[in-house]
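Opening the notebook on this one.

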There are 2 protein chains.
Amino acid sequence: MQTIKQWIVATLVALCTVTQMHAQETTKTLTLDDLIPGGRSYSRFAPRTIKQLQWCGDKYFYVKGDSVWQGKPGSKKKEQVLFTRKELNQAMLAAGLKEVGQLPYFAAPYRDQTVLSFTAKKHRIYYNFRTNKVEDVYQVNGRWANLDYTPTSGMIAYTDGNNLAILNKGNTITKVTAEKDPDIVCGTSVHRDEFGIHKGTFWSPSGKQLAFYRMDQTMVTDYPLVNVAARSAELNAIKYPMAGMKSHEVTVGIYNTETEQTVYLDTDEPKDRYFTNIQWSPDGQYLYVAEVNRAQNESKLVRYRTATGKEDRLVFTETHPKYVEPQQPVLFLKNNPEQFIWQSQRDGFNHLYLYTAEGALIKQLTQGDWVVTDVLGFDSAGQNLFYVSTEVSPLERHLYKLNLQTGKRIQLTTEAGVHHTQVSASGTYFIDSYSSQNNPRTIAIAPTRKGKATELLAVNNPFTKHDVPTIKLGTIKAADGVTDLHYRLVTPSHLDPNKKYPAIVYVYGGPHAQLITNSWRAGTGGWDVYMAERGYIMFTLDSRGSANRGLEFENVIHRNLGVAEMADQLKGTDFLKSLGYVDANRIGVHGWSYGGFMTTNLMLSHPEVFKVGAAGGPVIDWSYYEVMYGERYMDTPQENPAGYKAANMKNKAGNLKGHLLLIHGDIDPVVLMQHTFSFLGACVDARTYPDYYIYPRHEHNVIGKDRVHLYEKITRYFDDYLK
Amino acid sequence: MQTIKQWIVATLVALCTVTQMHAQETTKTLTLDDLIPGGRSYSRFAPRTIKQLQWCGDKYFYVKGDSVWQGKPGSKKKEQVLFTRKELNQAMLAAGLKEVGQLPYFAAPYRDQTVLSFTAKKHRIYYNFRTNKVEDVYQVNGRWANLDYTPTSGMIAYTDGNNLAILNKGNTITKVTAEKDPDIVCGTSVHRDEFGIHKGTFWSPSGKQLAFYRMDQTMVTDYPLVNVAARSAELNAIKYPMAGMKSHEVTVGIYNTETEQTVYLDTDEPKDRYFTNIQWSPDGQYLYVAEVNRAQNESKLVRYRTATGKEDRLVFTETHPKYVEPQQPVLFLKNNPEQFIWQSQRDGFNHLYLYTAEGALIKQLTQGDWVVTDVLGFDSAGQNLFYVSTEVSPLERHLYKLNLQTGKRIQLTTEAGVHHTQVSASGTYFIDSYSSQNNPRTIAIAPTRKGKATELLAVNNPFTKHDVPTIKLGTIKAADGVTDLHYRLVTPSHLDPNKKYPAIVYVYGGPHAQLITNSWRAGTGGWDVYMAERGYIMFTLDSRGSANRGLEFENVIHRNLGVAEMADQLKGTDFLKSLGYVDANRIGVHGWSYGGFMTTNLMLSHPEVFKVGAAGGPVIDWSYYEVMYGERYMDTPQENPAGYKAANMKNKAGNLKGHLLLIHGDIDPVVLMQHTFSFLGACVDARTYPDYYIYPRHEHNVIGKDRVHLYEKITRYFDDYLK
């Protein structure tokens, strides 16, 4: 559920907008419009930031009003205006382009040039701010997607419908593929964005060769989605391979822009395996591909010769009785094309391993009961690697500098919290944007050697005039009696410990997500804040199966989705009940996607505990879920009939005792509406009575302004039956 | 909404199963399973009947257990067993057929032969009960539909997919059409069953020619229905022409079984008009077709030469500034092929007119402020016509014998109530099955001249041991201040007039339906009975627009659906409020289809009156409804933008104040799910909060066992918010 994961990350970041401390004289109550992304007054309460702050070489720049500002760390010179919109528009007009009404989103594609790129008025533009001239312009058709620029040759790969083409300098077009069947798709992400895949084109270092995915979906079942917003509803069929059913077939092409020939990797049978984590060798002679079998218990890193598409060698193989899940391509050392770094969970935690290009293990670079969550690259000498990990705490993210020779690592971020960092071109400085439970946001520039950080921004609590709840983090033991689980407890600002309050568990529970971190407000969502102030105790527990706690913490759920997660959530409600002010007879639960599955499962499996639930886009039957994610955790329905049966909510429909509201977006392409529709049918058969709501025009979640409506709807449901 | 109308008739008949009188010592409470068709114990409380009672010539027969019984009215001979299942099975075996496990459904296709027909074990069988022999057998493929037998030649027309064929004696097959495009459909009903159309084949009197419909739907928009009951949801596209959009094109073919040639009527432009009420002339030389223009304000009765398909003459034309709606074909007199009877609302009420075959009006046969609702045929001499009308009361149906010469009519049914009658072959006797508010069912045989009826069955009140509500009928004035409207008031058996009760209006409100009649329990539905005993006052009003009150009573709604109907319903709630025991602040409303539209409209237009509503399969936007019904009452959206706008519930979504539950079957092919989905979207935009429920696997209503679930769901909704 990459889609979910991405949504969760985006939403949680957006949601973390509330403060703990409230002044004695506070009087105002926050509304859903204040607290929910998309709300009319939401932006007034979102912590400020510095727009577009990023590196260009070793200087940083950002946007402020109609100007782009630049700063040079370590210099005594003040930040100065790099250029204004007016100056940019002069250059635009001089290049025969139309003016922009506001500054666009810039990228800095080069380490060593004073050029920024952006898209405006159907053009991709490369603007030199030193000379104040547009250096390159490409005309871009609005229909194109997946634009991928390579700075070395200045070409842009793009997709037009199901085919791949290249836009050359001078705006000529080269068609790379010419697939007539729209169900054969080239140049896009494949395998439903699982295995860390998020794009479908890969330029060689020289910019002269282009590797790309080709996905044949002709053998995959059509799934009918319906657009009711049309005058007369229209069919939008998608290809949706369900667990245990026929899957798509992916190959990898390599297009040579000089010979204008495409070679496809000679990958042979079985055709339904996964081709992931594509990487070029520095010399462009080889392509490294992590190939995962359909059973997902074996990953082979294979090196292909790009000239012929033939396999050059099996670099190495990783296996696991449950599943393997490579998510990052090999990373060649900066100054040594004979060595690369590989990320693996093979010792139980995601760590870095140094290999020769041929696959001989040189050494493990990091080790410990914590995980590497990101790798940012090398310094200019290639001696040090920058990475992010959970070493300090699973709740935090810190930047480290690792000496590849000595193995010595230095923690570069010191303040407690979650740090989002960008390292400058040479590796000398980094931008550090961080928050913690009580700090909305601080942004600083700091050296990667010794030296003092320079603070660019310190955001104040935006809620000083409002009542906001108290947020407490802590740990309890999982159902295994051993593992520590992190919880978050959100209580009303004016809590009366002698009263009994209803409580709501906000749950996700599936892999790849972590709801509790030491970031602003500890990740508490706006709705939790709102509900706490309405008089609910809001509780969240990152149960086993969730992210960033290591392989075994996650894969305990394998083949039995819901079982360990529910056992842990019950430990959470035991804890809730132990609080004197929680009414044990008024506990509810809410979650979306995997959290909708958990909500439904908890309501049906433990009606004695959970009285009211709101399940959004819930998985009801894992055999309706897609092949990649579904089979990783559940194997196929043929291989694991008992697991599928136990996790099929339709078989528990008769257990419904409380009030369960199911919610679905009517064009959800991830968890199909078939899940909830069929559950309603099972409840009719079982004569149980859930409630239901549809959000038309929405996919796997309800976003934009309608999200406020969604949470008002859910609020009313809990108010009606739990308050 | 023929589908609706048919459903209403079927359901109301089934629902009328409750008695008014309740003994003093009653103790039991009826459950939804007792009261709702499809309920587990429903059949225990349905009034008994005589199975398959019908005429064969001038003798009647019926099924009792494993025997078919016969009686001869006027004879002193007792009823006797005509044949047993055992005897039938002997004949079946002798004919090389398999035995039947229970007696099948019989038809009596001949006036003068001792032969009954039935379908069993994939055969259509003609069984002579006098000789105890199977006389004819036809092998029938389970895929075939629309079987139409002609006794004169013994051929069976049928449809196989989209094509029409004939099964001849001896089981040879003649293919009549060979359309390759599945969107060209032959031999089925057309124009969505409007204009009284319910079949697509019409045998000539000689049985040698077959007229049939051919409907070209290729130009009609595909509408995607989705079957989620499949492993992976499947598309079931239907053709659904929406108001104002391109409609299908119908032609009429005439197949000559002797020449094996088909002639199509030369009907020319415009192609989207309606070809209705097909009738053969007695000599087979002509076909009479009532042709209605797309605007539905003109109906031409046209006579075609069957040999050439050319128009012979325009017989006559009927027009109306609002709409014309011919629903019955011409009926040739029995012994005079030069005259026919035509039904028309031209004087404001549906009456009978005698015409020459060429279209000269001879005389109006019936007249008055009442309507002819059915014509049953002639006596053997052809001197008298039997018809049913509302002359006694709009709430009743009585059988009349009309002397065509003198115009004198005699009322044949005397007991108050609604009579369902069948006249014997010669017209000497009739079967009279009737009920009235306090009479569950009486079945008698009576002469059509003087003489005494013989009672075959008198059903006792099936609810003597249960509490049942009191039902009262009456009239109030419509919003026009003049018209009498009939209401039905259902109150709890233990009504305390000093208490205040919540009230629920059960509403339909659209044309072609009448909810209140002097039939068993006055048509009160099982749910109304159930709710009354739960402590609700249940109320229904047949407002202007409803059936059997004449043309102007109905067509006042033209171009402004909802306006007059709602004004009348408010008169109904005024009346309710005038009752001392109704709580004016707790009035709810429930209805389905047009009644769902009314429910939604009342909730949104009069939130000060209606606090809780349950709208099933509601029309939300008439531009989403189909061409034939929709344009009759609303014209096209292009012609009547103001009317469509005013009747579009999406424009009133912001008015929602109370609790409105919308319900839809997920494969509803009549009122498409687009209606409620788009309404939910409008409510999201308007930030109002309806509730919603989907019944998977159901079409335009929830029938079968799931209907009990439906009414439990609706009951809980009213209990939650209105009780």
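**Sheet.** I started with an open, antiparallel sheet of four strands in chain A, ordered β23-β24-β25-β26. Its edge strands are β23 (331-333) and β26 (361-364) of chain A; each has a single partner strand, so one side of each lacks a neighbour in the sheet. Direction ignored, neighbouring strands here are turned by 30° against each other on average, with axes being lines fitted to C-alpha atoms. For my own record: strands are DSSP runs of E with at least two residues, helices are runs of H or I with at least four, and both are numbered from the N terminus. Two strands pair if DSSP finds at least two bridges between them.

**Provenance.** This is a predicted model, and I kept to its limits: local features need pLDDT of at least 70, side-chain atom pairs count only at pLDDT 80 or more, and totals for chains, interfaces and linings use all residues. Residues are numbered from 1 along each chain as its sequence is written, while chains are lettered from A and ligands numbered from 1 in the order in which they are written.

**Inside the sheet.** I checked β24 (residues 336-344) against β25 (residues 351-356) of chain A: they run antiparallel and six bridges join them. A:Gln339 faces A:Thr356 of β25(A).

**Hairpin.** Next I looked up β8 (residues 145-150) and β9 (residues 155-160) of chain A, an antiparallel pair with four bridges. A:Asp148 has A:Ala157 in β9(A) as its bridge partner. Four residues lie between the strands of this hairpin, and A:Gly154 takes a positive phi near 70°.

**Symmetry.** Chain A superposes on chain B by a rotation of 180° with 0.0 Å of shift along the axis, at RMSD 0.0 Å. That is how a two-fold axis relates copies. I used least squares on C-alpha atoms of residues with pLDDT of at least 70 in both copies. Which residue of chain A comes closest to the rotation axis? A:Tyr692 does, at 2.8 Å (C-alpha).

**Contact.** The contact takes 32 residues from chain A and 32 residues from chain B, counting C-beta atoms, placed from the backbone, within 7 Å. On the chain A side, α11(A) gives the largest share, six residues. I also noted that 100% of the interface residues of chain A are interface residues in chain B too, so the copies meet through the same surface.

Technical notes
Contact = placed C-beta atoms within 7 Å. Axes fitted to C-alpha atoms, helices over the stretch in contact; angles between N-to-C directions.
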